[in-house]
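The sequence and structure follow.

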Amino acid sequence: MRTRPLKVALLGCGVVGSEVARIMTTHADDLAARIGAPVELAGVAVRRPDKVREGIAPELVTTDATALVERGDVDVVVEVIGGVEPARTLITTAFEHGASVVSANKALLAQDGAALHEAAGRHGQDLYYEAAVAGAIPLVRPLRESLAGDKINRVMGIVNGTTNFILDKMDTSGAGYSEALDEATALGYAEADPTADVEGFDAAAKAAILAGIAFHTRVRLDDVYREGMTEVTAADFASAKEMGCTIKLLAICERAADGGSVTARVHPAMIPLSHPLASVREAYNAVFVEAEAAGRLMFYGPGAGGSPTASAVLGDLVAVCRNKLNEANGPGESAYTQLPVSSMGEVVTRYHISLDVADKPGVLAQVATVFAEHGVSIDTVRQHGRQDGDGEASLVVVTHRAPDAALSGTVEALRKLDTVRGVASIMRVEGE
Ligand code: HSE
């Protein structure tokens, strides 16, 4: 084994960074044996230098992240500060100064992954980011490497733990969205400002990364259709149950049937209770991959938190250090297919539409005609008369597969009917 250590600069020492530093220290011998050389912390860049950081020598702590990545003797930079800047500049500077990078930064990779890969390649360095998608779950490496010989047609997953916790709570307890969010906040799953999670931004960044890797094409955050889950109601769950389904916030990346384009989207959807993703409870993540030769694979585990995310970071650190010793590089960006990313209107799926309608003769026929005029075929219709004597009924229509644009046109036309008093909810049905 080489005795000269590989030097690691850590950018960020929050819940993930502190765990990375702790495991690097406590498992130093095992890591050295697995890599073939010891690894040592060369410096830790933080915002608040006065905070006590157990297990980290105070002389390693600095507020000058730029000076740390410019030192020139650092082999690997681990970036766990998040956000686009200054992370982007620091990572680019690290490559320029001969360091490979391990990052957990989904927002940056979803926005600027191509430019970062290009910079890494130009400087002969590695860019690894297993921790950016679904925490501890090995997913980026299996897609980039283990499945590199296969053709992936679909990636569908629960990639946000906060929203899965909230939806699971609504499902099991009958709670409304606000009540379930309050519980997620009290238990530390939801952040004080939960927007990135509940509005689907976090999942959309992960969808962009997964779609890019799975389909060997460039997919950016802006290409991902996104709907949050704040409008999901207890009534939606009751409706889902009647259909033998539950509701999950899904990230779905698909190759079009003709293979000529791809789509990436995040939205709440009903899935049958028999689907493996339906049994993913609490804050767990899971990703279902459909590949031509491999068939259906499911990756499951903790998608967030200090230790699980640190596990993914350390796995990358070992891989990148091995590459350094071998004077080799791991896989870079693979975007050779250059497939266009289609809009949401072209996505083909099934829909569950809940309408409040006048309870009188001919209404069902009127509604059915609107669906027919837009080329959307109805699978089932359920009507519940109301006991409150207001002359209204709830009509639930479940469709066969149709393009999203056709469904939007249908709903627009339904809203114009006098007999349709309101569109209570529209939910896509997946996983059948
Ligand atoms: N906030 C995310 C989640 C974890 O709830 O899954 C980090 O991406």
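A polar side-chain atom of Asp-202 is placed 2.9 Å from an oxygen atom of the ligand. This contact and two others are listed below; a polar contact is a pair of N or O atoms within 3.5 Å.

| Residue (side chain) | Ligand atom | Distance |
|---|---|---|
| Asp-202 | oxygen | 2.9 Å |
| Asp-197 | nitrogen | 2.9 Å |
| Lys-106 | oxygen | 2.9 Å |

On its own the ligand has 260 Å² of accessible area (Shrake-Rupley method, 1.4 Å probe), and the protein covers 81% of this area. The model is predicted: local features require pLDDT of at least 70 and side-chain atom pairs pLDDT 80 or more, while totals for chains, interfaces and linings use all residues. Residues are numbered from 1 along each chain as its sequence is written, and side-chain values use heavy atoms, without hydrogens and water.

Ring pairs form a second topic. Two aromatic pairs are counted, taking rings of Phe, Tyr and Trp (its six-membered ring) with centres within 6.5 Å. One of them joins Tyr-284 and Tyr-300, which are stacked (planes under 30 degrees apart), at 5.3 Å centre to centre and 10 degrees between the planes. Tyr-284 belongs to strand S11 (residues 284-291) and Tyr-300 to strand S12 (residues 295-302), so the pair ties together parts 16 residues apart in sequence; strands are DSSP runs (E, at least two residues), numbered from the N terminus.

Charges over rings complete the account. Arg-226 lies over the face of Phe-201, 3.8 Å from the ring centre. The charged end of Arg-144 sits over the ring of Tyr-128, 5.5 Å from its centre. The criterion is NZ of Lys or CZ of Arg within 6 Å of the ring centre and within 35 degrees of the ring normal.

Technical notes: A polar contact is a pair of N or O atoms within 3.5 Å; within protein, one must be able to donate a hydrogen and the other to accept it, and residues adjacent in sequence count only if both atoms are side-chain atoms. Rings of Phe, Tyr and Trp (its six-membered ring) pair if their centres lie within 6.5 Å; planes under 30 degrees apart count as stacked, over 60 as edge-to-face and the rest as tilted. Helices (H or I, at least four residues) and strands (E, at least two) are DSSP runs, numbered from the N terminus.
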